[in-house]
Amino acid sequence: MRTDLLFDFTVDKATKTVFIVREFNAELSLVWDAFTKQEILDQWWAPKPHVSKTKIMDFKVGGRRFYAMVSPEGQERWSIQNYTSISPKTNFKFVSNFSDKDENIDPQWQPGSQWDLNFSEQNGTTKVRITIYNESLTRMEKMIEGGFFKEGVTMQMNNLDNLLTILSQRP
Amino acid sequence: MRRDIFQAIADPTRRAIIALIALQAMTPNAIAENFNTSRQAISKHLRILTECDLVKQAYQGREIYYSLEIEKMKEIDKWLNQFRKIWETRFTQLDKVLSTIKKQKK
């Protein structure tokens with residue numbers, strides 16, 4: 001078993017794109033399932049102590065995943081991922097939007113972020129390449145809020161809050 | 001009006017200005033010589049960067065010199081690191097889930 005699994009995370013501010021590459025010690029079909037099946041996805045998608053709660057998942061082109069990130073206090077942040085392209089065990093794409101609990105998309109953050117996920121396997125190691133395109137990097141700020149809620153989470157989040165405050169100050 | 005710092009660095013000309021003045025403090029005229037655009041356009045970019053605290057001004061005689069606020073740029077990197085950490089946490093969780101499923105299959 002390999003222990004030197006690759007993890008690469010880069011942000012290209014010019015193209016407003018985030019590139020993420022990660023290897024996993026598992027065969028491709030299992031990793032594919034972990035990204036495309038609700039019951040597995042909900043086990044890892046939300047950084048603890050948050051919980052990912054998928055209400056609707058219809059993994060097909062034109063289908064969607066409607067889910068919430070739930071904080072320990074029970075606060076819910078809803079998102080909708082609309083699948084735009086699926087090549088089984090190779091690639092899938094979706095557009096992600098923030099919404100309310102009734103699936104109404106938040107117009108403030110439209111047109112949403114575009115996700116492109118690629119899967120490949122070599123010698124039992126599966127590599128996943130993710131690109132996320134955002135219209136603006138401020139939207140990424142909002143994406144972070146969706147993953148780490150302001151309430152009740154770690155020093156990291158407090159640091160981020162402080163940072164955002166500093167960044168928003170004017171001379 | 002709140003200036004959006006990420007919007008500020010999303011502009012290619014402003015990023016080029018940042019790269020220029022990261023090396024040395026420069027006057028608006030000296031900066032403008034590096035671009036095929038008007039002095040007015042450069043001034044506007046400099047004003048936006050100043051409003052975001054990304055650059056600072058210093059007067060030397062009649063000239064204004066612009067230089068980069070290195071600390072501010074570091075803050076942006078710190079912020080991006082938060083995003084990276086989310087993915088690290090997420091993937092560590094996925095590693096555990098995958099290993100559990102593999103054991104169940106055996």
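**Close-up views of a predicted two-chain model**

**View 1. Chain A, its burial and its order of elements.** Buried residues account for 28% of the 171 residues in chain A of this predicted model. The chain holds 4 helices and 8 strands, which follow one another along the sequence in the pattern β-β-α-α-β-β-β-β-β-β-α-α. Among the contacts in chain A that link residues at least 6 apart in sequence, 38% join residues at least 24 apart.

View 2. Chain B has 5 helices and 2 strands, arranged along the sequence as α-α-α-α-β-β-α, and 19% of its 106 residues are buried. Of the contacts in chain B between residues at least 6 apart in sequence, 50% join residues at least 24 apart. The mean pLDDT of chain B is 84, with 92% of its residues at 70 or more, while for the complex the predictor gives an ipTM of 0.73 and a pTM of 0.67.

**View 3. The largest nonpolar core, with residues from chains A and B.** This core has 17 residues, of which Phe24(A), Val31(A), Ala34(A), Leu94(B) and Leu98(B) touch the most other members. Two or more residues each come from helix 1 (28-36), helix 2 (38-44) and strand 4 (64-70) of chain A, and likewise from helix 5 (70-105) of chain B. Apart from this core lies another, of 13 residues, including Ile21(B), Ile42(B), Leu46(B) and Val55(B).

View 4. The buried residues of helix 1 of chain A are Val31(A), Trp32(A) and Ala34(A). Because these residues cover an arc of only 160 degrees around the axis, they lie on the same side of helix 1 of chain A. When residues up to four places away in sequence are left out, Ala34(A) touches Ile40(A) and Leu41(A) in chain A, together with Leu94(B), Val97(B) and Leu98(B) in chain B. In soluble globular proteins, nonpolar side chains tend to be buried together.

**View 5. Asp102(A) in a loop of chain A.** Asp102(A) belongs to the loop that runs between strand 6 (91-99) and strand 7 (113-122) of chain A. Asp102(A) counts as exposed because 7 C-beta neighbours lie inside 10 Å, and the cut-off for an exposed residue is 12 or fewer. Although Asp102(A) and Phe66(A) are 36 residues apart along the chain, their C-alpha atoms are separated by 9.7 Å.

Terms used
Residues are numbered from 1 along each chain as its sequence is written. Chains are lettered from A and ligands numbered from 1 in the order in which they are written. This is a predicted model: local features need pLDDT of at least 70, side-chain atom pairs count only at pLDDT 80 or more; totals for chains, interfaces and linings use all residues. pLDDT is the predictor's confidence in each residue, from 0 to 100. A nonpolar core is a set of buried Ala, Val, Leu, Ile, Met, Phe, Trp, Tyr and Cys residues joined through C-beta atoms within 7 Å. A residue is buried if 20 or more other C-beta atoms lie within 10 Å of its own, exposed if 12 or fewer, and partly exposed in between; C-beta atoms are placed from the backbone. Two residues are in contact if their C-beta atoms, placed from the backbone, lie within 7 Å. The arc is that of the directions from the helix axis to the C-beta atoms.
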